[in-house]
Amino acid sequence: MDKLGKSASGFARTRIPRPQIVLQPIQSSSHPPVSRVCSTRNCPCQMSLLPQKSSLEPPVLERVNSRVESLDNLSMDNFWLEVENIKQSTEAEQEECSLAEVKTPEEGEAEAAWLQDAGLSDLIGDNAADNGNIVLLSTLTKTQAAAVQRRLDTYSRSRRKKNKQPVRDVRDIFGVMNSGEVVAETEESGTTRSQHSLGSSGNTRKSGARGLQDFSDMVRSSGKEEIFNTDVAYSEQAAILLKGSPLPESRRIKEENTLTKFKLRKGRLGVTRIGDLSPQDMKKIPTLALIELTALCDVLGVELKRNKAIKLKATENRLFGVPINTLLENDRKLIPNAKVPLILHALLSCLEKKGLDTEGILRVSGSQTRIKNLQQKLESDFYSGLFRWEEVHQNDISGLLKRFIRELPTPLLMAEYLPAFAAVQNIPDLKQRLQALNLLILILPEPNRSTLKALLEFLSKVVAREKKNKMNLWNVSMVIAPNLFMHKALPSKVPEGKEKQLAEGAANVVRMMIHYQDLLWTVSSFLVAQVRKMNESSSRRYQFYDKRIKNLLRKIHTDKDKTEKNEAEPSKIVKVQTSLFLKDSMEVHLNNGTKAADVLRQFQKRLSQNNWNIVNTVHLLKCNGSVESMNLLLYEVGGNIGEHCLDPDTYLLDLYHVNPHAEWIIKQNPSFPWMI
């Protein structure tokens, strides 16, 4: 046994004295009931709660696949053992920790914070300014506008109760729009482009309804692979699905236990992944994603709670307990383009080299005393390069990794949104859970999102070596969940009797993030379309009153008519900029079948025919020396987008119709460095 009192299997109880709370089996759980003694009520950490699920009838349970039903009983032990390890490692430091006081927000405070994050804070000030809000509001779908209206209404009532200067009535903002229509374009041309009515008169577009009905039928199908549609707003999809038959209980049970394979639907404009948009355009995504997430939860009847932002007392350390932004600021003095803290990168790299095949990696903790000493050595020797990684045991490195994550001054998933991440488990449909997770990941600050991605990529590698390390997806999720969802700056709010349900819910969210990370790290087509609309409208300085709204709506529909006329063109000749490689631009003939990949192949062929300078060519070719293997990308720049790296399957004539004023530029893939 080691210092924590674990046996060789790593599952013996620790010797930490604590009140005895026997967990009762929860019938509604999708996992085998486990009676377990837990100390989380006294833990200085907090985890958002999930409401209890409805109980299942025995006949339904009998139809569930037996293999899926019988998850490893020791997985729950992994969770509680990790909780107790966290408690032991923080008990000594708890008295020294200066915690922010967490107060229950007063009526209207949560709505004010939401409007601030949604980029609509100008609507709630005493001297509310209208400039800019009309640009954002003009892009909203029906469900998104309803979500904004609810928050404004609640905030207005709270202000009136306090006898403060009244804010603008919500009818002044949305009243006129109820009689009109606002275009919320999907990134599809022709019949796939849609209009969403902001009124309640049932003007939802027919083409969109057909697409959503197809989505509904596909959800209810029993196929092994399902389509993940990002062309239509998730909240609009949910609204249509709710009008149909409810999701069968047997499907809900199955989704609790299995991970359905989803195929990301590629529209005519391809798929946009995080990192494909310019920083300027990505700054618009979190506000749009927050509004859409709120609208989705409103439609599904899921309460979207929010914590207040918390901060711990500033630490004098250089690595542990330091904000991610501060770490990156220091690291970029050494590596200008660093997106992940160097210390995290070093920990993950070391574990990949020597820990992936270690049995029980991440689950079996190293000595807390050794980990504390190693932390102190890293603080003094890491940046000087004197730290001797080869002398550190892999279990101690995994302990350092988990300590780094949980000692961040603010949680990696952000204190404000921890309840929202946990509430994802309360959504009955797996696909809608993934939609909510996709939006939450887009809401995260870029440094947090990149750091989370690096962690999830490593965890995927651990799961891929399950046969050797005995750590399957569920085990890894159970071990990592406490480190992501618990934070010493947030008080304990775990009701007695719900510990097991809470643990399973948090672990299941982590499991989805690990398994579906490629799907989650995309920017939905409907969000990109809203960014385009915002960019088109940003130069229009309309004042926020009725006459200007009518003019804006008229202009929007006029622009739409012009775009539809352009879409009638069967072909087009455009110029592609290639100044990085050739002096002259390249003319390309576009038709309905021309893709971005075709243009890149045409350019590669032209380079080959022109006997382009071999010294330059070798920098772009892979080791096989083939011109066809050149690592190049086609970018859309300007017009209604800042800069957009195009999916190779993008149909360029459709893109031209969406953004006729853009330039197209061929560049080298930034992840493919120049050779020296």
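Let's start with Ala 436, which has its place in helix 18, the stretch of residues 430-443. The model you are looking at is a predicted one. From this alanine we move on to a pair of crossing helices, then to some paired strands, and finally to an asparagine.

**Ala 436 and its surroundings**

- Is Ala 436 buried or exposed? Ala 436 counts as buried, because its relative accessibility is 1% and the cut-off for buried is under 20%.
- Leaving aside residues up to four places away in sequence, Ala 436 touches Leu 293, Leu 296, Val 424 and Ile 427.
- Take Leu 293 from that list: 143 residues separate Leu 293 from Ala 436 in sequence, yet their C-alpha atoms are 6.2 Å apart in space.

**Two helices that cross**

- Two packed helices are described by the angle between their axes and by the distance between those axes.
- On the helix 6 side, the contact is made by Thr 143, Gln 144, Ala 147, Val 148, Arg 150 and Arg 151.
- On the helix 12 side, you can look for Ile 291, Glu 292, Thr 294, Ala 295, Asp 298 and Val 299.
- What kinds of residues meet here? The contact of helix 6 with helix 12 has five nonpolar, three polar and four charged residues.

**Strand 7 and its partners**

- Strand 7 (residues 572-577) pairs with strand 8 (residues 586-590) in the antiparallel sense, over five bridges.
- To find your way along this pair, look for Val 576, which stands opposite Met 586 in strand 8.
- Strand 7 also pairs with strand 11 (residues 663-668), this time in the parallel sense and over two bridges.
- Here a handy landmark is Gln 577, which stands opposite Ile 665 in strand 11.

**Asn 669, after strand 11**

- Follow the chain on from strand 11 and you reach Asn 669, found in the segment after that strand.
- Asn 669 is buried because its relative accessible area is 16%, and the cut-off is under 20%.
- Which residues does Asn 669 touch, not counting those up to four places away in sequence? They are Asn 631, Leu 632 and Leu 633.
- With Asn 631 there is a side-chain link as well: a polar contact of 3.0 Å joins the side chains of Asn 669 and Asn 631.

Methods: Residues numbered from 1 in each chain as written. Predicted model: local features only at pLDDT ≥ 70, side-chain atom pairs only at ≥ 80, totals over all residues. Heavy atoms only, no water. Contact = heavy atoms within 4.5 Å. Helix = DSSP H or I, 4+ residues; strand = E, 2+ residues; numbered from the N terminus. Nonpolar A, V, L, I, M, F, W, Y, C, P; charged D, E, K, R; others polar. Pairing = 2+ DSSP bridges. Buried < 20%, exposed > 50% of the residue type's maximum accessible area, 1.4 Å probe, protein only. Polar contact = N/O pair within 3.5 Å; in protein donor to acceptor, adjacent residues only side chain to side chain.
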